Structure formats: structure tokens, C-alpha cells
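Please inspect the sequence and the structure before turning to the solutions.

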Amino acid sequence: QVQLVESGGGSVQAGGSLRLACSYTAITLYMGWFRQAPGKEREGVAIIRMDNENTLYADSVKGRFTISRDISKRTLYLQMTSLKPDDTGTYYCATVRWYSLRPSDFDSWGQGTQVAVSS
């Protein structure tokens with residue numbers, strides 16, 4: 001069973017940047033990030049196809065977030081820029097069944113890392 005460990009969360013002001021990292025023990029074809037804010041539904045943020053680096057982003061983060069991977073380091077990244085208060089939440093790294101941002105298509109995930117964006 002794949003194990004995923006996220007890191008890199010923190011508190012920033014609106015307009016700031018953060019880079020999240022996720023170390024994984026096994027690779028799947030699709031991996032990605034989803035987030036959950038208190039009282040809100042899970043939201044798929046970004047996914048990447050690990051062999052050819054095709055990516056898919058939620059409209060809410062397109063142009064601001066970048067997902068990438070370093071296979072040699074077994075690490076998945078999420079670079080977040082121009083952060084907004086609405087980006088606040090817990091971010092989870094996950095394996096994904098296929099090319100989809102639907103939360104129901106996310107399989108295994110880690111413990112999450114907290115992101116707080118203040119206005």
C-alpha cells in the first residue's frame with residue numbers, strides 16, 4: 001500500500017506563495033492534490049500523469065498553482081502562488097484512479113498539511 005507524507009504548509013498573507021511537497025513510497029499513473037476547508041466539500045485541486053507530466057487543474061487554481069513531480073526523489077509538489085483566503089484548508093496528496101479531479105476518484109492519501117491564508 002502506498003504511503004504519502006505531505007509537508008510545506010503554513011500561514012501566509014494573501015498574495016503570498018507556498019510550496020507543498022509529498023513523499024511517496026510507490027508510484028501510480030495519476031497522482032494529485034485535493035483540499036478540504038472546514039465545513040466545505042473536498043475539492044480536487046490538481047493532478048498529474050506521472051509518465052508524461054500531463055496536468056489538470058481546478059478552475060479555481062488555474063494559473064496560480066503548479067503541480068510537478070521528481071521521480072528520482074519520489075516527491076510530488078504543489079507550487080502555490082497568488083494565494084487567496086479561499087485557498088485556506090488542509091491539502092492532501094493522493095493517488096488518483098484516472099484523469100479526474102472528482103474527489104471520489106482519489107484513492108489513498110496522506111495525513112494532510114494545513115494552509116492558512118489571511119487577508
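Asp-59 and Lys-62 form a salt bridge, with 3.0 Å between the closest N and O atoms; a salt bridge here is a side-chain nitrogen of Lys or Arg within 4 Å of a carboxyl oxygen of Asp or Glu. The model is predicted, so local features need pLDDT of at least 70, side-chain atom pairs count only at pLDDT 80 or more, and totals for chains, interfaces and linings use all residues. Residues are numbered from 1 along each chain as its sequence is written, and side-chain values use heavy atoms, with hydrogens and water left out.

**Exercise 1.** Determine whether Asp-59 and Asp-105 are buried or exposed.

*Solution.* Step 1: apply the cut-offs, namely buried under 20% relative accessible area, exposed over 50%, and partly exposed in between (1.4 Å probe, protein chains only). Step 2: Asp-59 has 66% relative accessibility and therefore counts as exposed. Step 3: Asp-105 has a relative accessible area of 3%, so this residue is buried. Asp-105 forms a salt bridge with Arg-102, the closest N and O atoms being 3.0 Å apart.

**Exercise 2.** Explain which parts of the chain the salt bridge between Asp-87 and Arg-35 ties together.

*Solution.* Step 1: the two side chains meet at 2.8 Å, N to O. Step 2: Asp-87 lies in the loop between strand E8 (75-80) and strand E9 (89-96), whereas Arg-35 belongs to strand E4 (residues 30-36), so the pair joins parts 52 residues apart in sequence. Strands (E, at least two residues) are DSSP runs numbered from the N terminus, as are helices (H or I, at least four). Step 3: both Asp-87 and Arg-35 are buried. Step 4: Arg-35 and Asp-87 also belong to a network of salt bridges with Glu-43 and Arg-64. The whole structure contains nine salt bridges.
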